Amino acid sequence: MTELFSFKTIEEAEAKLDSLGGYKDPAEVVPLKGAGAHEVAVGPVHAGVIEPGHFRFQCMGEDVYNLQIFLGYQHRGVEEAMVNAGGNIARQTALAETCAGDTSAAAAIAFAELMERAFPLRFQAPDNEALRLRNILLELERIANHTGDLGALAGDVAFLQTASFCGRIRGEYLNMTALLCGNRFGRNAIVPGGVRTGDAADKYGEIKTWIARVKPELDRALKLMFHEHSVCDRFDGTGRVPRDVAESIGLVGVARRASVEFNGDVMARALVRRIEINEAHTKIAKLIGGEAPASETPRFDGLKPDGFTVVVSTSAAWRGPLVHAALFSPDAKMVRYKIVDPSAHNWPGLAWALRGEQISNFPICNKSFNLSYCGTDR
Amino acid sequence: MLKAFIARIKEGCRTGAFPPAEPNLPPDFRGRPEIDEATSAEEVEEMKSVCPVDGALGFSEGKAFIDMGRCIFCGRCAAKCTKVRFTREYRLGVFKRDDLVVRAGEGGYVPPVQTDAEALRLKGSLQLREVSAGGCAACELDANVLGTPAWDMARFGIRFAASPRHADTVYLTGPVSRNMRSALDKTYAAMPEPKFLIAAGACAISGGLYERGEYPAEPALYIPGCPPHPATTLEALLRFVGDM
């Protein structure tokens, strides 16, 4: 989905970009004092194969009183590089895709739709086949990530069967993506104006058979976990973010849905992922079955030559809405680019979820959100 | 519990036959590029106009070249000009930075063989400490996947260690962002000797689409790709310790 805003001055346009938000580190570490008060510092380098971030668990006895999250370690200037790429569309597409690797397809879609909206004469409207492939890549990305995270959740409560099964099954979905475009993360396929791969349609039959084989295996792996009392006991009531809190701190995506439709605990976020896996499969089946994908980009307006234009493009990334926005000058030059990963809105939710928990519950709270460091830091 | 046990038996062994069998690569897999001897400077310029990365393609000493250390293997150059092709050669890991440069007319590629005695001693027990320094998580995820039953690199004694104290190598991903410099240096310094640095992915090797920060040491192994395919990574790690 794209929106186009016109402004007379660059200040107004920049204010629009700034209003899209982003994560801000706590200004300083607020010390916690008193008998039994202590602090545990973790990171930036963590024990697992994950990205860097610094966490301060401020505890009263065994319980976490407050968690402060400090990010910025992954900042490498994606937005500046976008602007400096000055019209090299291939480079800009690659930059969008590498902002957060696990959200490559969603990012490529957001960037492509943004450019299509801004330059309707330069980029043709993507045809149905291009939209079909884009949407299938997006849904495969969703399934692969949710599957991986559910497996990681199982691993963190030492339920190793589902952890192992999901680890392998996630790979199957990545390989399906690679079958369609040659890259396991759906890269190098989605570009402004359409897609680069010509004959993806021939491969849909194979994808259909592949999913028919793997989906029951995934269902079995998840059923095993969700029906296991020892797992449910760990998930239920852990890391709860109540609905009113979720709404007031502005959570988005999976985390918000878990707090609005369910009770906002680790179990709720796990269930939402399971639901979204099923929804994504339904969507893929419809797309492969021939249903025409909805085109959301209105094509009647472009940049206005007498002012500054902000184009905001939102794609349904697996974590939640991913926002790409660009500010164009009157001579159609990109002067600022802004990326707001859904994670940027959800870090405070993770901090909230930890309140009153033991530090030992951090891993499952963290995995239930699985927020992107690089997407937030850009 | 019984159900879990039955599910485990039904799942069976899922570890791929690679290695020693050939890996199962997607049909559109883009591996080591091949450039025709007679590729002109003009053709290189034409390909450069569609290349997303600065310096991935070039022309020097009368010959076209592709620097795999910068290349993100998107295939745009090959789509533009038939004189470049991406082969299915996945054995891309090398021990010297210069070996990542593929020159026009080069044929008969043989992956380099490890001769470093210290590295060869790690065969059967190679402990990696992953440090993501500005990485986009794609390299990290596809390294992590080697620990799943599908690849099971632990059968060769290769593991990701939780602490640098228990590690032989830092497995670096990302372009070394400014804010990760000191953490990377400290992690590297915390490893006992002998120690190595592995640079995985275009960002860690050259910065790729970004600018690369400084290494704590010269890498002893370069694994190109954006991200490298797990088969490429596993083969490179095995060859690094002389197990391939």
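The structure is a predicted model, in which local features need pLDDT of at least 70, side-chain atom pairs count only at pLDDT 80 or more, and totals for chains, interfaces and linings use all residues. Residues are numbered from 1 along each chain as its sequence is written, chains are lettered from A and ligands numbered from 1 in the order in which they are written, and side-chain values use heavy atoms, with hydrogens and water left out.

**The contact between chain A and chain B**

- Chain A brings 51 residues to the contact and chain B brings 53 residues, where contact means heavy atoms within 4.5 Å.
- About 4200 Å² is buried between chain A and chain B, 56% of it on carbon and sulfur atoms; buried area is the accessible area (1.4 Å probe) that two parts lose on being put together, summed over both.
- Of the area that chain A buries against chain B, 16% is supplied by A:Val49, A:Arg91 and A:Arg168, more than by any other three residues.

**Polar links and composition**

- There are 4 salt bridges between chain A and chain B, each a side-chain nitrogen of Lys or Arg within 4 Å of a carboxyl oxygen of Asp or Glu.
- One salt bridge joins B:Asp142 to A:Arg184, with the closest N and O atoms 2.8 Å apart.
- On the side of chain A that touches chain B, α6(A) gives the largest share, 11 residues; helices are DSSP runs (H or I, at least four residues), numbered from the N terminus.
- That side of chain A consists of 24 nonpolar, 15 polar and 12 charged residues; Ala, Val, Leu, Ile, Met, Phe, Trp, Tyr, Cys and Pro count as nonpolar, Asp, Glu, Lys and Arg as charged, and the others, Gly among them, as polar.

**Nonpolar cores**

- The largest nonpolar core has 163 residues, and A:Tyr173 and B:Leu172 are among those that touch the most other members; such a core is a set of buried Ala, Val, Leu, Ile, Met, Phe, Trp, Tyr and Cys residues joined through side-chain atoms within 4.5 Å.
- The most residues in this core, 11, come from α7(A).
- A second, separate core of 30 residues includes B:Trp151 and B:Val241.

**B:Arg239**

- B:Arg239 lies in helix α8 (residues 230-240) of chain B.
- B:Arg239 has a relative accessible area of 6% and is therefore buried, a term for values under 20% (1.4 Å probe, protein chains only).
- The side chain of B:Arg239 reaches the backbone oxygen of B:Gly93 at 2.9 Å.

Methods:
Helix = DSSP H or I, 4+ residues; strand = E, 2+ residues; numbered from the N terminus. Buried < 20%, exposed > 50% of the residue type's maximum accessible area, 1.4 Å probe, protein only. Polar contact = N/O pair within 3.5 Å; in protein donor to acceptor, adjacent residues only side chain to side chain.
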